[in-house]
Amino acid sequence: MTKRIGLLIPSSNTVMEVDFYRNLPVSISVHTGRMYMEATTVEGEEEMLDSHTLPTARVLATAKPHVVVFGCTSAGALRGNQYDAQLCQRIADVTGCRVISVIESVRSELRASGAKTVVIITPYVDALNDKIKVSVEADGIKVIAIHGMGISVNFDLARPDSREIVTFVRERLGSTIAADALFVSCTNFRALSALKTLREFFHIPVITSNQAALSAVW
């Protein structure tokens, strides 16, 4: 029987569903619900959460997914980890299936790695970086540095290719990282394509949003 995965993603996200269907077996199908969002800002994400998330989940539920992924890392962190858990429960009530949070999937992998310190790379503006930092540090993991590209248009988060992401990481962090792990955030960032290179270069656990979510569903 085909297993159906539902993705709830910002409407302007062009990366996450591609990463999913390229990295899942053919026995798993991917079905996407798009929550209207164009600006990757606090205000843009709040509008998405308050006005579009649950209505989109209701529509996605008609595809009868076996599991749903709330596919926005920064929106998951925006109002704190407790809110993220409550939101996932509300989505579960609407869809009738298990719901996976991307930010919780990342935090789970960081905890499993045993990391006490982490460096974070994002395409975000500082206001969203601050929320990511708070979310991760709530688990007792120290964020020793967080660097963002300052992109505030959600569609544009997908523009940097894997080479540009690796270059940005190396420019900001150098040849070694004084932390136990590296987290590259955002489901609309081509970080999964850069993952192999980053792991080979730094020789520490490297986690990306889409990689963590994929691991959680399969």
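Two strands count as a pair if DSSP finds at least two bridges between them. With that in hand, welcome to a set of close-up views of this predicted model.

**View 1. Strands β7 and β8 run side by side.**

View 2. Now step back to the open sheet of 4 strands, which has the order β6-β5-β7-β8. Its pairing is parallel. Strands β6 (142–148) and β8 (206–208) are at the edges, each pairing on one side only. On average, neighbouring strands here are turned by 20 degrees against each other, direction ignored. Helix α7, made of residues 162–173, packs on the sheet and touches β5 (117–122), β6 and β7. The direction of α7 makes about 130 degrees with that of β5. Another helix to look for is α9, which lies across β7 and β8 and runs at about 85 degrees to β8.

**View 3. Helix α9 meets helix α5.** As a reminder for reading this view, two packed helices are described by the angle between their axes and the distance between the axes. Helix α5 (residues 102–113) packs with helix α9 (residues 209–217) at an angle of about 85 degrees, and their axes are 8 Å apart. That angle makes α5 roughly perpendicular to α9. On the α5 side, the residues in the contact are Val102, Ser105, Val106 and Glu109. They meet Ser209, Gln211, Ala212, Ala213, Ser215 and Ala216 of α9. Sorted by kind, the residues of this contact divide into 5 nonpolar, 4 polar and 1 charged.

**View 4. A second open sheet, with β2 and β4 at its edges.** This sheet also has 4 strands, in the order β2-β1-β3-β4, with parallel pairing. The edge strands, β2 and β4 (98–101), each pair on one side only. Neighbouring strands are turned by 25 degrees against each other on average, direction ignored. Strands β1 and β2 run parallel and are joined by 8 bridges. Ile9 is a handy place to start, as its bridge partner in β2 is Arg34. Helix α1, spanning residues 16–23, lies across β1, β2 and β3 and runs at about 160 degrees to β1.

**View 5. Helix α2 bends at His52.** Follow helix α2 through residues 42–60 and you will come to a bend of about 50 degrees at His52. A proline, Pro55, follows within four residues of the bend. Which residues of α2 are buried? They are Gly44, Glu45, Met48, Leu49, Thr53, Leu54, Thr56, Ala57 and Leu60. These buried residues pack against the strands β1 (3–10), β2 (28–35) and β3 (67–70). They also pack against the helices α3 (73–78), α4 (81–95) and α6 (126–137).

View 6. Arg58 lies in helix α2. Its relative accessibility is 48%, so Arg58 counts as partly exposed. Between Arg58 and Asp93 there are 9.7 Å in space, C-alpha to C-alpha, although the two are 35 residues apart in sequence. Thr95 is a residue of helix α4. Is Thr95 buried or exposed? Thr95 has a relative accessible area of 11%, so it is buried, the cut-off for that being under 20%. Leaving out residues up to four places away in sequence, Thr95 touches Ala57, Ala61 and Val68. Among these, Ala57 is one of the buried residues of α2.

**View 7. Two loop residues with positive phi.** Lys64 sits in the loop between α2 and β3. Although Lys64 is not a glycine, it has a positive phi of about 50 degrees. Its relative accessible area is 60%, so Lys64 is exposed. For the other residue, turn to the loop between α8 (191–202) and β8, where His203 lies. Phi of His203 is near 60 degrees, again a positive value in a residue other than glycine. With a relative accessible area of 67%, His203 is exposed.

Methods:
Residues are numbered from 1 along each chain as its sequence is written. This is a predicted model: local features need pLDDT of at least 70, side-chain atom pairs count only at pLDDT 80 or more; totals for chains, interfaces and linings use all residues. Side-chain values use heavy atoms; hydrogens and water are left out. The bend at a residue is the angle between axes fitted to the seven residues ending there and the seven starting there. Buried means under 20% relative accessible area, exposed over 50%, partly exposed in between (1.4 Å probe, protein chains only). Contact means heavy atoms within 4.5 Å. Axes are lines fitted to C-alpha atoms, for helices over the stretch in contact, and angles run from 0 to 180 degrees between N-to-C directions. Angles under 35 degrees count as roughly parallel, over 145 as roughly antiparallel, 65 to 115 as roughly perpendicular and the rest as oblique. Ala, Val, Leu, Ile, Met, Phe, Trp, Tyr, Cys and Pro count as nonpolar, Asp, Glu, Lys and Arg as charged, and the others, Gly among them, as polar.
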